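Subject: A structure to look through

Hello,

Here is the structure I promised to pass on to you.

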Amino acid sequence: MNQPVQSFSTTPVRSLPAAWYWDPAVYEAERKAIFAKTWQFIGPEAEFAKAGDFRAVQVAGYRLFVIRERSGALKAFHNLCPHRAAPLLSEGDGHCDVLRCRYHGWTFATDGRLMATPNFGEAGWFDKKSHGLMPVRCETWRGLTFACLDDNAVPLVEFLGDLPALLEPYPIETFGKLDQAEFAMNCNWKTYTDNFVEGYHIPGIHPGLNAAVDMTRFETTHQRGVVIMKAPQKGGSIYGGLWLWIWPNMTLSVYPDGMNTSRIIPTAEDRTELRYEFYFADRSPSLLEKHRATIETNCQIVREDFGICEEVQQNLKAGIYRDGPLSPRHEDGVQYFQDMVRQSLGDHVGQ
Ligand SMILES: [Fe+2]
């Protein structure tokens, strides 16, 4: 049996300070130091099949959208009219040939150029050319599209660390999206992420999952930018696979006949949304019922975590708990994630 090598260091490994989970100043620091600096998963490129197809998202208060422009290129922009800051698109997926701001009717081409400013009036100082949409970097890797607000960030494939090597054996491009699911919970994004990157809580919180996997052989490790969780399945269930978390807020789980992705989206210091997408290799009608059951099982596991995350959040905020010890056997992922947060925030917040 391959157990991860355990270290017997005498240096205590402890969780982040409780205040980091509710302090608005920490959240503000994270917005700037993490979410404005990292590549953010937007969705499968197949969502942008035709010119004009778009997905508008928000991440920690930053609104942006990705759109397939007429030339065929994928572009991303801040979802923000340069006139008076109105969002151009409602959050979600859609199609448009021209982007029209509903506030004052300004229109933009899908490449971001300002086309018309109806009834603006004549002004010698006003130059349309310098009032196009604000571009955001956009790249696609193996059918998955990402955007990044930081012009100085490393290219996507470099940012993804060891993810490309880990997914090399899996034909993820051949998995087509079948469905999606959205969730919201009253906790900090790190409260949920701490939960996602460990399997230690599976016996306590997920009885169904616990019965389906061999917990004595559950492994959590990390490589560059990725936490890797594996557990051998006991029978032919959906669970036997590879569960990955990718810095700072994406997850990707591969199962025998498909995968799911999720985005862990902070919307406030105590509010988090999850956007799951489910993909399968074979989507023939005869398999749809089986796939629906896989998706429902998956969503059930996700929902099982909400109650405990919300109660943990309340205790983190109540002011009694300061921090706690992390398990060398099971909480390597938690330690890795929290170290990344510490490094990113650096001097932004006090320890
Ligand atoms: Fe869980």
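Predicted model: local features only at pLDDT ≥ 70, side-chain atom pairs only at ≥ 80, totals over all residues.

**A hairpin to begin with**

Thr220 belongs to strand β12, which spans residues 219–223. Its partner strand β13 covers residues 226–230, and the two pair in the antiparallel sense over five bridges. In β12, Thr220 and His222 make up the covered face, while Glu219, Thr221 and Gln223 are on the uncovered one. The hairpin of β12 and β13 has two residues between the strands, and Gly225 takes a positive phi near 80 degrees there.

**The sheet around it**

What is the order of the strands in the open sheet of seven? Reading across, it is β11-β17-β16-β15-β14-β13-β12, with antiparallel pairing. At the edges are β11 and β12, each of which pairs on one side only. On average, neighbouring strands of this sheet are turned by 15 degrees against each other, with direction ignored.

Further along the sheet, strand β15 (residues 250–255) pairs with β16 in the antiparallel sense over six bridges. Within that pairing, Met250 stands opposite Arg263 in β16. Two helices pack on this sheet. One is α4, which touches β11, β14, β15, β16 and β17, and its direction makes about 150 degrees with that of β16. The other is α7, which touches β11, β16 and β17, with its direction at about 20 degrees to that of β11.

Glu273 lies in strand β17, which runs over residues 271–280. Is Glu273 buried or partly exposed? It counts as partly exposed, because it has 17 C-beta neighbours inside 10 Å, and a buried residue would need 20 or more. Setting aside neighbours within four places in sequence, Glu273 is in contact with Glu182, Phe183, Ala184, Ile265 and Thr267. Glu273 and Asn188 are 85 residues apart in sequence, yet their C-alpha atoms are 9.8 Å apart in space.

**Two helices**

Helix α7 covers residues 288–318, which is 31 residues. From first C-alpha to last it reaches 46 Å, close to the 45 Å expected at 1.5 Å a residue. Its buried residues are His291, Thr294, Ile295, Asn298, Asp305, Cys309, Gln313 and Leu316. As you look at them, keep in mind that an α-helix has 3.6 residues a turn, so residues three or four places apart point the same way. The buried residues of α7 pack against β11, α4, α5, β16 and β17. Just after α7, Gly319 takes a positive phi of about 100 degrees.

Helix α8 (residues 332–345) has 14 residues and reaches 20 Å from its first C-alpha to its last, close to the expected 20 Å. Buried in α8 are Asp332, Gly333, Val334, Gln335, Phe337 and Gln338. Gly346 follows α8 and has a positive phi, near 45 degrees.

**Another sheet**

There is also an open sheet of three strands, in the order β6-β7-β8, with antiparallel pairing. Its edge strands are β6 (99–100) and β8 (114–116), each pairing on one side only. β6 and β7 (residues 107–108) pair over two bridges, and the bridge partner of Arg100 in β7 is Thr107.

**Domains and core**

How is the chain divided into domains? The assignment gives domain 1 (10–37 + 161–351) and domain 2 (40–159). Their C-alpha centres lie 29 Å apart, and 16 residues of domain 1 are in contact with 14 residues of domain 2. On the domain 1 side, α1, β11 and β16 each supply at least two of the touching residues. The largest share, four residues, comes from β16.

Finally, the largest nonpolar core has 67 residues, of which Phe65, Val66, Ala76, Val136, Ala147 and Ile246 touch the most other members. This core draws at least three residues from each of domain 1 and domain 2. Not counting residues up to four places away in sequence, Ala76 touches Leu64, Phe65, Val66, Val136, Arg137, Cys138 and Ala147.

Happy exploring, and best wishes

Notes: Residues numbered from 1 in each chain as written. Buried ≥ 20, exposed ≤ 12 C-beta atoms within 10 Å, placed from the backbone. Pairing = 2+ DSSP bridges. Contact = placed C-beta atoms within 7 Å. Expected span 1.5 Å × (residues − 1). Core = buried A, V, L, I, M, F, W, Y, C linked by C-beta atoms within 7 Å. Domains from an automatic or database assignment. Axes fitted to C-alpha atoms, helices over the stretch in contact; angles between N-to-C directions.
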